[in-house]
Amino acid sequence: MSETKNASLGAEAPRLPAAIWILGFVSLLMDIGSEMIHSLLPMFMVGSLGISVALVGLIEGLAEATALVVKVFSGVISDWLGKRKALAVLGYGLGALSKPLFAFAPSAGWVFSARIIDRIGKGIRGAPRDALVADLAPPALRGAAFGLRQSLDTVGAFAGPLIAVGLMLLWANDFRAVFVVAIIPAALAVLLLALGVRDPDGTASRTPGNPISRANLRRLGTPYWWVVAVAAVFTLARFSEAFLVLRAEQTGVPVALVPLVMVAMNAVYALSAYPFGKLSDRVSHGPMLLAGLAVLAVADLVIASSTHWSGLLVGVLLWGTHMGLTQGLLAAMVAEVAPADLRGTAFGFFNLVSGGAMLLASVIAGALWQQYGPAWTFGAGAAFCVLAALALWARRWALAGYTAS
């Protein structure tokens, strides 16, 4: 591993292929379209369609659970076929197809169908797209590649709600008109992917076989499962960003300005993901993971103790820094330790476990909030950070097989 990286620092350093940038802009465009809708959807369902809050929760829960399950199968299928792009196009295509259904939905049933189609699309595209990034990126630049894609994705995540807010002000809260506009960036994302990216040479020649056979699962190896376990513990320490929004309201942030909390967090995330991804190609991964945990622990403690919006803002900015430090790094680590012909499967299980951990973490966080208050919720997050750091320290020998020199 060290020889490969050192070689990359020779006379002419490798560059990220254009296809990596295209995949990043595909994510950006789709996230703009999706977040334009998702940032307004709860209010639309309750206010315009008369759907109960309990039913909103059920729709969202079923939709997210569907995406988690589909992620595994799409990754496995992409390995079986030796093709990534076709599944990625299908997944983004379903995401784009769901947008007009939201715009013209007359009832809860339509919204539910649209959400399921959207989440199935997200599940289908996730693992093949990440595996495609790993296939296309030079080995010495995988951290930079995943950091760039995550950075551009996050730009879309905060640009979408800002565009939605502007259009709602311009068009007197016309939800459906905003949803129609969201079709445009989603359709552009599919077109850009279809025309601008192709599977790298050699993927079709991979040996066919069942990627989830016992023999292939053994090939994933201990280092891979260790990365998956670390990612799960990281997610338990982080839980859903929805609790940042709730905490912002508690600390006196005006309701109309509460969404800016997420804008601030995602702005830091977007600005830091690519630089930290490039850094991960040059330094040991273990210390970067520990640094990410330390930043998140401090963020949790700051948020837990905040009584004014200024303190909360510091915690939110630290939270975004943690995301930039760790999310692209963990994806690069999966790409590094997984066999090339099993990367889709590897990312599928990685996403499944991380998503399951997020659901569990959010349930625990909500229960602590309800029973003891927000300080316990964020305090528990800091405690999980400490446990994860201790686990990394105790098992530092396991990192030797896949960290940088």
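Predicted model: local features only at pLDDT ≥ 70, side-chain atom pairs only at ≥ 80, totals over all residues.

Student: Let's start with charges. How many salt bridges does the count come to?

Tutor: The count comes to 10 salt bridges. The idea is to look for a side-chain nitrogen of Lys or Arg within 4 Å of a carboxyl oxygen of Asp or Glu. Asp79 and Arg84 make one, with 2.6 Å from N to O. Asp118 and Arg115 make another, at 3.3 Å.

Student: Where do Asp118 and Arg115 lie?

Tutor: Both sit in helix H6, which covers residues 108–136, and they are three residues apart, about one turn of the helix.

Student: Are Asp118 and Arg115 buried or exposed?

Tutor: Asp118 and Arg115 are both buried.

Student: Which residue forms a salt bridge with Arg149?

Tutor: That partner is Asp130, and the closest N and O atoms of the two are 3.8 Å apart. Arg149 belongs to helix H7 (residues 142–170) and Asp130 to helix H6, so this pair ties together parts that are 19 residues apart in sequence. Arg149 and Asp130 are both buried.

Student: Which residues do salt bridges with shared partners join into one network?

Tutor: Asp79, Arg84, Asp135 and Arg343 are joined that way.

Student: Now rings, please. How many aromatic pairs does the count come to?

Tutor: Nine aromatic pairs. To read one, check the distance between ring centres and the angle between planes. Phe44 and Phe175 form a tilted pair, 5.7 Å centre to centre, with 50 degrees between the planes. This pair links distant parts of the chain: Phe44 is in helix H3 (residues 41–48) and Phe175 in helix H8 (residues 175–181), 131 residues apart. Phe44 and Phe175 are also buried. Ring pairs link Phe44, Phe175 and Phe179 into a cluster.

Student: Which residue lies over the face of Tyr92?

Tutor: Arg125 does, at 4.6 Å from the ring centre of Tyr92.

Student: And how do I read empty space?

Tutor: Rolling a probe the size of a water molecule over the atoms shows where empty space is left. Here the count comes to two cavities of 30 Å³ or more. The largest cavity holds about 50 Å³ of space, and its lining includes Leu236, Phe239, Thr377 and Phe384. Helix H15 (343–372) and helix H16 (374–394) each supply at least two residues of that lining.

Student: What classes of residue line the largest cavity?

Tutor: Eight are nonpolar, two are polar and none is charged. For the second largest cavity, of about 30 Å³, the lining divides into five nonpolar, five polar and no charged residues. Among the residues lining the second largest cavity are Gly147, Phe276, Ser280 and Met288. Helices H12 and H14 each supply at least two of the lining residues there.

Note on methods. Residues numbered from 1 in each chain as written. Heavy atoms only, no water. Helix = DSSP H or I, 4+ residues; strand = E, 2+ residues; numbered from the N terminus. Buried < 20%, exposed > 50% of the residue type's maximum accessible area, 1.4 Å probe, protein only. Phe/Tyr/Trp six-rings, centres within 6.5 Å; stacked < 30°, edge-to-face > 60°. Lys NZ or Arg CZ within 6 Å of the ring centre and 35° of its normal. 1 Å grid on protein atoms, 1.4 Å probe; cavity = no way out; pocket = protein on both sides within 12 Å on 5 of 7 lines; lining within 4 Å. Points joined across faces, edges and corners; volume = space filled by probe spheres on them. Nonpolar A, V, L, I, M, F, W, Y, C, P; charged D, E, K, R; others polar.
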